[in-house]
There are 2 protein chains.
Amino acid sequence: MTSNTPSLPDQPLVAILDDEAEIRLMLSEALEEAGFRTQNFARATEFEAALKSTTPDVCLVDLGLPDKDGLALVHRLALESGAAIIIISGRAQVQDRVTGLELGADDYIIKPFDPAEVVARVRARLRRNRNTAKSSNTARFNGWTAHFDSYVLVDETGNETPFSHAEGEVLRLFLESPRRLISRARMQEILGGAAGESFDRAMDVRISRLRTKLREDPKNPRLIKTIYGAGYIFLGEVRWE
Amino acid sequence: MTSNTPSLPDQPLVAILDDEAEIRLMLSEALEEAGFRTQNFARATEFEAALKSTTPDVCLVDLGLPDKDGLALVHRLALESGAAIIIISGRAQVQDRVTGLELGADDYIIKPFDPAEVVARVRARLRRNRNTAKSSNTARFNGWTAHFDSYVLVDETGNETPFSHAEGEVLRLFLESPRRLISRARMQEILGGAAGESFDRAMDVRISRLRTKLREDPKNPRLIKTIYGAGYIFLGEVRWE
DNA sequence: GGCGCTTGTTACATTTCGTAAGGAATCCGC
DNA sequence: GCGGATTCCTTACGAAATGTAACAAGCGCC
């Protein structure tokens, strides 16, 4: 198997969402200086469109966006993406900070800010995330244990179920990005299939077979949830070890 | 070998290390009010001794300790313990914050602080570290409970009604901004549709279907109220958890 | 070759969700 | 109040998306 994943490069990707070009520039310069890749967006709609094809590691979001409610965006990001979210805002009240953090932001930086501190805080977020992102061969989730070296699934009673390579690819993809939406396009891209083909039922079948092995209730799947028209989302608490 | 069997996670434990009794009290009161367990330490030596027998989930560390170099302690904690580290310090210079974060702290709060913000930041750290599933994707409102992870609505008698992704988008939008007018334009933006001509009707239908699931009386909607010519307003006491 | 396993393909059932159409509610000017 | 126009609600329908069982092709192993 030589399917490397060139879509997951080494340098962490930081998305910057701010309507002021000056601030975008300041941030992206500081971050690139520090070795990160950056993506700049002036509008939430552009940002959301880009999210469908890229997966930033950290999102810097200005709350004072003209075209959308920033807090709602933060909340959705927190739920659907695995990225760390840092709010940048001119609103300095404690209540603003508290609500921002409660809605799922990982940090809250007040304008005016020092780029060096932003870089330090981005690093702090990545440090935590990277710990869990290191690849290993065993993952535990919701009573299950997946061994990717021996291709075996073990339930809580110790019962073993083998899984195939194709099933393992899908499972691994899910386990590496729990609780975040995985688009169908991205899945096909990473799983190396013929992308863009409209008649690719293979993906559905893989999911279906994986669901069977995980003993999902077809009417009410608990772990692998379908998002109609978008993709799938894996719900579950994953611990790699 | 530590016994890693946190099958039923207790309340998270927060260690507070500060030489001022007043601040310790303020923090521990706020944190316990928020449902955390706390441990208070006035000196680094006591704190380190306690670390041999307990494993806090978050450490709040004041840098201005008399008996040790706080930064060195932070660094050691970051390397050796899995706990999240939040520095609390009176030193407000950017350089102080940067070095604190670079040494492994997850957050840096400047004195004087508001206890509510500290609680929010502690929660933010725990959310990430535990990869918790139950944080912030469940909302309670007026007898209903909406589970956005399993896409299920539960009424007060425990009766379950599944809802689709599109319905969930609308519902989440409402729950994120209760008691506030939500214009149709904004709704269309957030729900991602290119503002089509007859796309308005799709929105109506979504609302209608959602109302049905919420068992709204068409003549007297209690939760989703229509503002003729403007948009909708969601009336309800929402609590995210 | 024959057997077992994996995996893609096909075919059909089911779900989701936008669109159309008719009716009800609301607003406005009189 | 009273048309009339606009806006909104609801039902029904159908196109598209998804689930999955059954079949077939490919592959390794004996």
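Author: The place to start is B:T145, which lies in strand β7 (residues 144–147) of chain B. Helices and strands here are DSSP runs numbered from the N terminus, a helix being H or I over at least four residues and a strand being E over at least two. The model is predicted: local features need pLDDT of at least 70, side-chain atom pairs count only at pLDDT 80 or more, and totals for chains, interfaces and linings use all residues. Residues are numbered from 1 along each chain as its sequence is written, chains are lettered from A and ligands numbered from 1 in the order in which they are written, and side-chain values use heavy atoms, with hydrogens and water left out.

B:T145 counts as buried because its relative accessible area is 10%. Buried means under 20%, exposed means over 50%, and partly exposed is in between, with a 1.4 Å probe and protein chains only. Leaving aside neighbours within four places in sequence, B:T145 is in contact with B:T138, B:A139, B:R140, B:V152, B:L153 and B:V154; contact means heavy atoms within 4.5 Å. With B:R140 there is also a polar contact between the side chains, at 3.1 Å. A polar contact is a pair of N or O atoms within 3.5 Å; within protein, one must be able to donate a hydrogen and the other to accept it, and residues adjacent in sequence count only if both atoms are side-chain atoms.

The loop between β6 (138–141) and β7 of chain B holds B:N142. B:N142 is not a glycine, yet has a positive phi of about 45°. Its relative accessible area is 44%, so B:N142 is partly exposed. Most residues other than glycine have a negative phi, and most peptide bonds are trans. B:R215, in the loop between α8 and β11 (224–227) of chain B, is also a residue other than glycine with a positive phi, near 55°. B:R215 is partly exposed because its relative accessible area is 48%.

The peptide bond from B:K111 to B:P112 is cis, with omega near -5°, and B:P112 sits in the loop between β5 and α5 of chain B. In chain A, a cis peptide bond joins A:K111 and A:P112, with omega about -5°. A:P112 is in the loop between β5 (107–110) and α5 (115–133) of chain A.

Next comes the partner chain. The contact takes 44 residues from chain B and 42 residues from chain A. The area buried between the chains is about 3800 Å², of which carbon and sulfur atoms give 43%; buried area is the accessible area (1.4 Å probe) that two parts lose on being put together, summed over both. Between chain B and chain A there are seven salt bridges, a salt bridge being a side-chain nitrogen of Lys or Arg within 4 Å of a carboxyl oxygen of Asp or Glu. One salt bridge joins the side chains of B:D106 and A:R125, at 4.0 Å from N to O. On the side of chain B that touches chain A, β4 (84–89), α4, β5 (107–110), α5 (115–130), α6 and α7 (184–190) each supply at least two residues. α5(B) gives the most, with eleven residues. By class, that side of chain B has 15 nonpolar, ten polar and 19 charged residues. Ala, Val, Leu, Ile, Met, Phe, Trp, Tyr, Cys and Pro count as nonpolar, Asp, Glu, Lys and Arg as charged, and the others, Gly among them, as polar.

DNA strand C is surrounded by 21 residues, and the closest are A:S164, A:R209, B:S164, B:R206 and B:K219. A residue is near the strand if one of its heavy atoms lies within 4 Å of it. α8(B) provides the largest share of this surface, five residues. The surface comprises nine nonpolar, five polar and seven charged residues. A polar side-chain atom of B:R206 lies 2.8 Å from a phosphate oxygen of DNA strand C. From chain A, an N or O atom in the side chain of A:R206 is 3.0 Å from a phosphate oxygen of DNA strand C, and a polar side-chain atom of A:K219 is 3.1 Å from one.
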